[in-house]
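This report describes a protein chain and its ligands for a reader who is new to structural description. Please look at the sequence and the structure before reading on.

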Amino acid sequence: MNVRLFTKAQFRIGTPSLADVTSPVDKEWANRIRALAAEKDAVILAHNYQVPEIQDVAHHVGDSLALSRIAATVPESTIVFCGVHFMAETAKILSYDKTIIIPDERAGCSLADTITADQLREWKAQHPGAVVVSYVNTTAAVKAETDICCTSSNAVEVVQSIPADVPVLFCPDQFLGAHVQRMTKRDNMHIWMGECHVHAGINGSELKAMVAAEPDAELFVHPECGCATSAMYLASEGVVPAERTHILSTGGMLDAARTTKAKKVLVATETGMLHQLRKVNVTTVFEPVNRAAVCKYMKMITPEKLEHALVHGTDVVDVPRDIADRARLSVERMIAIGTPSRVGE
Ligand code: 13P
Ligand code: SF4
């Protein structure tokens with residue numbers, strides 16, 4: 001398989017600061033959290049969908065790919081992962097000797113739950129010789145059955161790295177799979193019919209109504225969205241100009257937000273994303289396509305639970321060594337491919 005080598009120079013890790021925490025109460029809490037982290041030799045990583053307080057206190061904020069890259073190289077002996085369980089598992093796979101903590105181990109992912117390792121083994125048996133590409137939103141056991149993982153920011157490049165005549169099994173997200181198929185024009189891709197309940201709920205009719213009401217706005221659409229197909233359809237039909245419709249990972253949205261000249265951007269993803277978007281661009285108005293697009297799993301990580309996790313060292317995330325060893329190759333191939341998105345500090 002043709003994959004490029006991962007080098008440390010592909011991403012940046014800067015000096016963390018608490019410049020964004022302004023209220024005195026929050027500042028006191030944030031200083032306490034940072035002091036605890038220093039005392040425990042811990043680094044705090046937060047996904048772009050976390051609540052604002054957690055994004056602002058974290059040492060690094062980013063999308064799944066950027067956070068995986070950071071987890072693989074940070075010097076601290078403990079990683080406190082403010083995100084969902086599969087993200088913390090990925091950190092464990094990449095940094096097996098470190099202690100990985102998630103403030104609430106019940107923070108799962110409805111998309112990761114749509115395929116088990118047994119189901120994947122059965123699917124592989126039906127397609128001998130196919131290469132398995134799994135979205136990073138999967139359990140460690142599924143990753144152990146996978147040839148190469150991907151995230152929304154590098155899924156197209158990952159599939160393009162596989163020789164054109166080799167069939168691909170793509171799991172578990174059907175909307176991301178459809179997006180990749182459209183971009184690569186591959187006719188030998190089999191797609192698992194999983195979906196994320198939050199993104200599947202952002203549908204084409206809502207999007208169409210908002211676009212009609214805001215004819216000058218740009219559109220940022222996460223490829224997990226049920227509306228991604230409709231967004232592309234609206235663009236190809238000329239209902240919204242293609243140059244104003246962008247299908248982007250959460251990290252890709254931040255990069256696009258830094259340079260957009262639009263007065264308004266309609267954002268089709270989990271609403272936690274708006275915090276970082278509004279921070280990197282204070283002149284553009286960012287509005288959610290669906291205000292109810294809230295991931296209850298991401299929001300299980302609260303400021304109180306983060307403090308509890310640092311004080312008590314729980315919940316520890318473990319992956320059996322044999323599964324981690326098999327999963328590592330597919331995750332390392334993933335972080336070797338694609339342009340790194342920036343991380344916030
Ligand atoms: P990103 O890879 O874009 O960060 O998305 C992760 C995720 O869980 C989206 O729902
Ligand atoms: Fe999983 Fe969807 Fe939540 Fe992302 S938004 S973590 S895919 S349930």
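In which hand of crossing does H12 pass H13? H12 passes H13 in a right-handed crossing; a crossing is right-handed if the near helix is turned clockwise from the far one by less than a right angle, and left-handed if anticlockwise.

The model is predicted: local features need pLDDT of at least 70 and side-chain atom pairs count only at pLDDT 80 or more, while totals for chains, interfaces and linings use all residues. Residues are numbered from 1 along each chain as its sequence is written, and chains are lettered from A and ligands numbered from 1 in the order in which they are written.

**The chain as a whole**

The chain contains 15 helices and twelve strands; these are DSSP runs, helices being H or I with at least four residues and strands E with at least two, numbered from the N terminus. Its C-alpha trace spans about 55 × 50 × 35 Å along the principal axes.

**Packed helices**

Two packed helices are described by the angle between their axes and the distance between the axes. Axes are lines fitted to C-alpha atoms, for helices over the stretch in contact, and angles run from 0 to 180 degrees between N-to-C directions.

| Helices | Angle | Axis distance |
|---|---|---|
| H10 (204–213) and H11 (228–236) | about 40° | 8 Å |
| H12 (250–259) and H13 (273–280) | about 25° | 9 Å |
| H3 (64–71) and H4 (85–94) | roughly 35° | within 9 Å |

H12, at about 25°, is roughly parallel to H13. Angles under 35 degrees count as roughly parallel, over 145 as roughly antiparallel, 65 to 115 as roughly perpendicular and the rest as oblique.

Residues are in contact if their C-beta atoms, placed from the backbone, lie within 7 Å. Thr250, Met253, Leu254, Ala257 and Arg258 of H12 meet Met273, Gln276, Leu277 and Val280 of H13. This contact comprises six nonpolar, two polar and one charged residues. Here Ala, Val, Leu, Ile, Met, Phe, Trp, Tyr, Cys and Pro count as nonpolar, Asp, Glu, Lys and Arg as charged, and the others, Gly among them, as polar.

**Ligand surroundings**

A residue is near a ligand if its C-beta atom, placed from the backbone, lies within 6 Å of it. Around ligand 1 stand ten-residue surroundings that include Asn48, Asp63, Cys196, Glu224 and Thr250. The shell of ligand 1 has one nonpolar, seven polar and two charged residues. Ligand 2 is surrounded by 13 residues, the closest being Cys109, Leu111, Cys196, Val198 and Cys295. Its shell has eight nonpolar, three polar and two charged residues.

**Backbone features**

Most residues other than glycine have a negative phi, and most peptide bonds are trans. Asp41, which is not a glycine, has a positive phi of about 55°, and Asp41 lies in the loop between helix H1 and strand E1. A cis peptide bond joins Cys171 and Pro172, with omega about -10°; Pro172 is in the loop between strand E7 and helix H8. The bond from Thr314 to Asp315 is also cis, with omega near -5°.

Notes: Contact = placed C-beta atoms within 7 Å.
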